[in-house]
Amino acid sequence: MTATAERIAVLLPSLHGGGAERSMLTLIDGFRDRGRSVDLLLCKHKGALLSEVPADVSLYELEEAGSLRARLGVALRAPGHFSSLLRPVVLAGKVAPEIARIPALTDYLNKAKPDALLSAISYANLAAIWANRRLRKHIPLVVSERIALASYCSSPENSRKWRWRYLPELIRNSYPEADAVVGVSQEVCRELNEEIGLTHDTMRTIYNPVVGERLREMAAATPPHEWLDGAGPPVILAAGRLTYQKDFATLIEAFAKLRATREARLVILGEGKLAPELEALAAQLGVAGDVDLPGFASNPFAYMARAAVFVLSSRYEGLSGVLIQALGCGCPVVSTDCPGGAAEILDGGRYGRVIPVGDSEAMSGALLAELNHPTPREPLLQRAETFSVDNAVDHYLALLDAAVAGVPIPGEQAD
């Protein structure tokens, strides 16, 4: 009988409301539907998505080790790469939470002996690889990279921090130890290869699991926002963490330009430290009455199904889940041509308007054009099926099963 990954451990930093975490929970649901059992390992037991963990999934919070023990444990097991670990790990002012959980992760893997381990997000991936070095018996490991990493690490918000400045070298030295490396878009894999310098013959693109029956059911719900009752001006929608990466400031500037020519409203779903600045900018531009930042939404799909346009204003992404979700709700979209998979999702503009990053004039024009001549719904729904839950679950299980069986890793996901 061929060996398969019947019991899968999934490692995440936490379950705050990000797209990567939501995607992994969707994968977990898919694994369970295929008869696999799942252990979910969290470095921190927190986040808005904790309530969405299925009852039959074993949930573990990994205990934090002492700083010195965690640092030395990594350094002693990578003598050939000590120099690359020096600043981001050994001498860092504060050890990364994922690294501080490596001893607990090692203990879990030695005792529980899952058939395979799947991790997501860079430092969790490194923790999984470094923990695997300590095991009495190797656990087949697939790591998943979720963002355009070179762009992320070089951004103004991250480039001065040791944790991110030296991350590309850590990845280049460590990811080859995984049985397979997954990038969530072709662009993410390209950056890993060409800009990070990762050469790995088992690097594969697997699109995120986004579109499925659950999305369609949630999209049919009534959104808890009075602007989406169909009686008022059209609503432009955006969603994501209120951070530098998402560049909602350019969106608000674009909206103010649009608002000068026609009636419209803007809703931005999400939480983050830039909320006061964005609200102040809307007031400064005279559009505060038509801009709402209601915070985190547990069901953004109901908003997407009724918005006139969804806009992705990001400076960089991996594979934008919200962009795919909007397509899956039949909502016309406008997106920046940011590093990552945005243009890839829209097939270079075939399924939505693609504009330069940081260009409020172009964004305003694209939004106006989409409001006046919206893209038909059916092609958007058809495109969204490329990113179905079933496709993603099939491809991840094929990788995990191949790693367990010790056979060649399957090829790329088909479009």
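Biologist: Rings of Phe, Tyr and Trp (its six-membered ring) pair if their centres lie within 6.5 Å, and planes under 30 degrees apart count as stacked, over 60 as edge-to-face and the rest as tilted. With that settled, how many aromatic pairs does a search of the whole structure find?

Modeller: This is a predicted model, where local features need pLDDT of at least 70 and side-chain atom pairs count only at pLDDT 80 or more, while totals for chains, interfaces and linings use all residues. Residues are numbered from 1 along each chain as its sequence is written, and side-chain values use heavy atoms, leaving out hydrogens and water. The number of aromatic pairs found in the whole structure is five.

Biologist: Are the rings of Y207 and F387 stacked, edge-to-face or tilted?

Modeller: Their centres are 4.8 Å apart. The planes meet at 50°, so this pair is tilted.

Biologist: Nice! Which residue does R133 form a salt bridge with?

Modeller: A salt bridge is a side-chain nitrogen of Lys or Arg within 4 Å of a carboxyl oxygen of Asp or Glu, and the structure holds 21 of them. For R133, the closest N and O atoms are 2.6 Å apart, and the partner is E177.

Biologist: And how many residues apart are R133 and E177?

Modeller: R133 is in the loop between α6 (122-132) and β5 (141-145), whereas E177 is in the loop between α9 (167-174) and β6 (180-183). Helices (H or I, at least four residues) and strands (E, at least two) are DSSP runs, numbered from the N terminus. The sequence separation in residues is 44.

Biologist: In the salt bridge of R259 and D290, which residue is buried?

Modeller: The two side chains meet at 2.7 Å, N to O. R259 lies in helix α12 (residues 248-259) and D290 in the loop between α13 (275-284) and β10 (291-295), so parts 31 residues apart in sequence are tied together. With a relative accessible area of 26%, R259 is partly exposed. At 17%, the buried one is D290.

Biologist: Last one: over the face of which residue does R315 lie?

Modeller: A charge sits over a ring if NZ of Lys or CZ of Arg is within 6 Å of the ring centre and within 35 degrees of the ring normal. R315 is at 3.8 Å from the ring centre of Y244.

How values were computed:
Buried means under 20% relative accessible area, exposed over 50%, partly exposed in between (1.4 Å probe, protein chains only).
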